[in-house]
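Reader: I'm new to this one and would like a close look at a single part. Could you pick one residue's surroundings and walk me through them?

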Amino acid sequence: MSIISLTQTSQTSQVLHLPQIKMASFAFISFVGLRKSSPEKHHHHSLTTLPKCIAPSQAHYRRLNVVAAKTSPKITGRNLRVAVVGGGPAGGAAAETLAKGGIETFLIERKLDNAKPCGGAIPLCMVGEFELPLDIIDRRVTKMKMISPSNIAVDIGQTLKPHEYIGMVRREVLDAYLRDRAATSGATIINGLFVKMDKPQEKNAPYVLHYNAYNGKTGSTGERMSIEVDAIIGADGANSRVAKSIEAGDYEYGIAFQERVKIPDDKMQYYENVAELYVGNDVSPDFYGWVFPKCDHVAVGTGTVTHKPDIKKFQLATRLRTHDKILGGKIIRVEAHPIPEHPRPRRVVERVALVGDAAGYVTKCSGEGIYFAAKSGRMCAEAIVEGSENGRRMVDEGDLRSYLKKWDKTYWSTYKVLDVLQKVFYRSNPAKEAFVEMCSNEYVQKMTFDSYLYKKVAPGNPLEDLKLAVNTIGSLVRAHALNNEMVKIN
C-alpha cells in the first residue's frame, strides 16, 4: 500500500480534538461482513437473461488471440464460461482479460459502491500496465516522510525523476473503473452475494454457483439465484467464501484500521504531494501508521498482526503523532479490514483458482496489495484464455496451475525479502530507529523506489551494496545496544 504500502465500513462525522477522541465502535471478532442469507428460494438463472451492467467508455481493446496445442475436449455451441467472484482490482482485471479473450464471463460483486478500507497507494508501473486514466488518481505523491519512534523525520523521494510518483487512489473509484471496463469488454456484472457452489460430480461437468441477487425488488436479502460455469476465479478478499468452498486453508492475518479525515484547506495544502509513515511501538508493534492524501481528505491509519485487540489504541497514537497537522479535522469515515500475512496453502483446486487477497497476496513489511491483486487476476485469466484457446476448449487444473507457476517465479523473492525486513526492523523501537536511519541513505532510496515503482529488482552497485551492508549492521548494533540500555532502565 505504500513504498515500504496497506489495507464493513461504518460512517461517522466528528471533530478531532487531540488527545481526547471518540471512535466508532468496531467488532473484530468476525470479518466476514456479509449479509445474512434468507432461506433458499431457488431459481435457476438463465445464462442468456442475466442483466449486464455496462458503463460508457471511450477505450477500445484488442481481442486476445491464443494458439495452443490442447488435448482437452472442444466446447460446442458456446464458449467457456467463467465466474469471477469479487469485484475489486483482482476481479475487475480478471474479468476484463477473460472477456477480451473470448470467455463468457460473469463477475459477481455484492456491493458495487463498496469503499474498501485501504491506503490506496499504487506504483507508477500499474498506471501504464493497466492503462489507468490520470483522472482516477487523486494525488501524485513525490515526497514521503518517514518518522521514527523518537519523531526523527527522514525525507524520502530525493532520487525520483520528474515524471515519477506514487499514485493515491480511492478504492471505490478504482474498483468501479476496472469493473466498468470489464463490462465494456463483454463481461456480465452481477450485483449479488456468492453463497455456495455445487462441485461437479463428473469430469468436465459444470460448477453450479448459488448467489443472492440484489435487484432492488426483493429486499435486503436478495433473491436466491444460480448459474452454471466451467471454472471459477475467487477474488473475494481475505474472507473469501470461494476459498472456504475449496478448503484452501487458513492464513495468519492482520488488521488495518483507517479513518478518512476531512481537514481544513490550509492544512490540506501540506499534503498536496506528501505522504507520511510513522513507525514505533506506540502506533504499531509490528507495522506502521500512515497519512495518505486523497482528493479532499487524508486517510489516517495503522495495522497490526500481533496485537489486534489494541488496534484502536494504535490508531489514537497515530493521530497523536501527527500533532496539529490534522487538528480540527472531521472524521468522515471509519474503516477496518483483515490483511492476509502469507499465501494460502492451496490456491488452485481443480478448476477453481484464488487471486488477490483471497490467495493471500499482500506483502509483509509494506502491506501492499492493490497491484498484486490486479496482476494476479490478469495473470490467472491469461492462463485460462491460453489454456482454453480463447474459450473453445475446456480447461483443467493444469491450466490454472500454470498461473501459479508463473506467479511464484516472478514474485516469490519479493515476498521473502519483505518478510525478512519485517522480522529484522519491526521487532523493537531501536530497530525501527535503525530502519529510519537506513532510509535516509540516498542509495537505499533509489533502490527502494526503483523496485517499488516498477516491480522489478533494481540492479545494485557492488561497492554501494557493501557500504550499505556495513552501515545496516552498524545501525542494528547501535539499536541492539540502545535496546539493552532501555531494558536496564526499565
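Author: Leaving aside residues up to four places away in sequence, Asp 138 touches Met 168, Val 169, Arg 170, Lys 294 and Cys 295, where contact means heavy atoms within 4.5 Å. Keep in mind that this is a predicted model, where local features need pLDDT of at least 70, side-chain atom pairs count only at pLDDT 80 or more, and totals for chains, interfaces and linings use all residues. Residues are numbered from 1 along each chain as its sequence is written, and side-chain values use heavy atoms, with hydrogens and water left out.

Asp 138 counts as buried because its relative accessibility is 18%; buried means under 20% relative accessible area, exposed over 50%, and partly exposed in between (1.4 Å probe, protein chains only).

As for where this is, Asp 138 sits in the loop between helix H2 (124–129) and strand S6 (139–141). Helices (H or I, at least four residues) and strands (E, at least two) are DSSP runs, numbered from the N terminus. S6 pairs antiparallel with strand S9 (residues 166–168) over three bridges, pairing being called when DSSP finds at least two bridges between two strands. Across that pairing, Arg 140 stands opposite Gly 167 in S9.
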